[in-house]
Amino acid sequence: MGKKSRVKTQKSGSGACAVVSPKETMNLISELLQKCSSAAPSAGKEWEEYIQIRGLVEKICKKQKGMSVVFEGSREDYFPDLMSWAQENGASCDSFTVANFGTEGFGLRATRDIKAEELFLWIPRKMLMTVESAQNSVLGPLYSQDRILQAMGNVTLAFHLLCERSNPASFWLPYIRSLPQEYDTPLYYQQDEVQVLLGTQAVQDVLSQYKNTARQYAYFYKLLQVPIRHLIGSTCEHGKYYCKYSYSQ
């Protein structure tokens, strides 16, 4: 597949993977879940609640610093591998190229005249990451037993992506390496950026989205730690985490 996978793990300030007490992290997760599951705050208290939730999220992020698998270089470095992988697996790649459109981001630029209603782009289903492919992956046992996961296809796909990202032999790795590292959605806003929205109609949606996402994270984090499910914890090898599940019948 051309270039070798260039994977590194984030390190703590000392140059080694941070050592974190699982109990400390779980206590923060439990506090976050409780806070995010509580009744809606009274009028005028939404910002105060947001600050409290954000504070817990930042503490958890600090505890988990150094555990993420990241790819070296920029996503553009992996576009050639992405196109080669797509072509090798039956996708159409002859009529366009990946291009940078500035403030609009990356997209496809036609390399020839395309007629009206002409089919010029197709992708085989086997290349798609879907709820169905998640069910057929290591997530299958977990998906079959958790009703909330079954009802939330977006979370299922997020788990699917994380597991495949951690697998150096993943079929989808050329695609995953080409994905952006962050987005410009409200979830990525700094606190002062959110504060600018106070007094606007948009701020309620932003605060609600942040709270809901934090609650989902806390719930599923705890789900993956519950001993009764006979879940084998992820294996850590120099900070790299791989999904391994085992359920008794």
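The crossing of α1 and α10 is left-handed (the near helix is turned anticlockwise from the far one by less than a right angle). This is a predicted model, in which local features need pLDDT of at least 70, side-chain atom pairs count only at pLDDT 80 or more, and totals for chains, interfaces and linings use all residues. Residues are numbered from 1 along each chain as its sequence is written, and side-chain values use heavy atoms, with hydrogens and water left out.

Helix α1 covers residues 22–37 and helix α10 residues 202–223; their axes lie 9 Å apart at an angle of about 135°. Axes are lines fitted to C-alpha atoms, for helices over the stretch in contact, and angles run from 0 to 180 degrees between N-to-C directions. Helices are DSSP runs (H or I, at least four residues) numbered from the N terminus. The angle therefore makes α1 oblique to α10 (under 35 degrees counts as roughly parallel, over 145 as roughly antiparallel, 65 to 115 as roughly perpendicular and the rest as oblique).

With helix α2 (residues 46–63), α1 crosses at roughly 160°, the axes coming within 10 Å. That angle makes α1 roughly antiparallel to α2. This crossing of α1 and α2 is left-handed. Contact (heavy atoms within 4.5 Å) involves residues including Leu28, Ile29 and Leu32 of α1 and Ile53, Leu56 and Ile60 of α2. By class, the contact of α1 with α2 has 8 nonpolar, 2 polar and 6 charged residues (Ala, Val, Leu, Ile, Met, Phe, Trp, Tyr, Cys and Pro count as nonpolar, Asp, Glu, Lys and Arg as charged, and the others, Gly among them, as polar).

Technical notes. Helix = DSSP H or I, 4+ residues; strand = E, 2+ residues; numbered from the N terminus.
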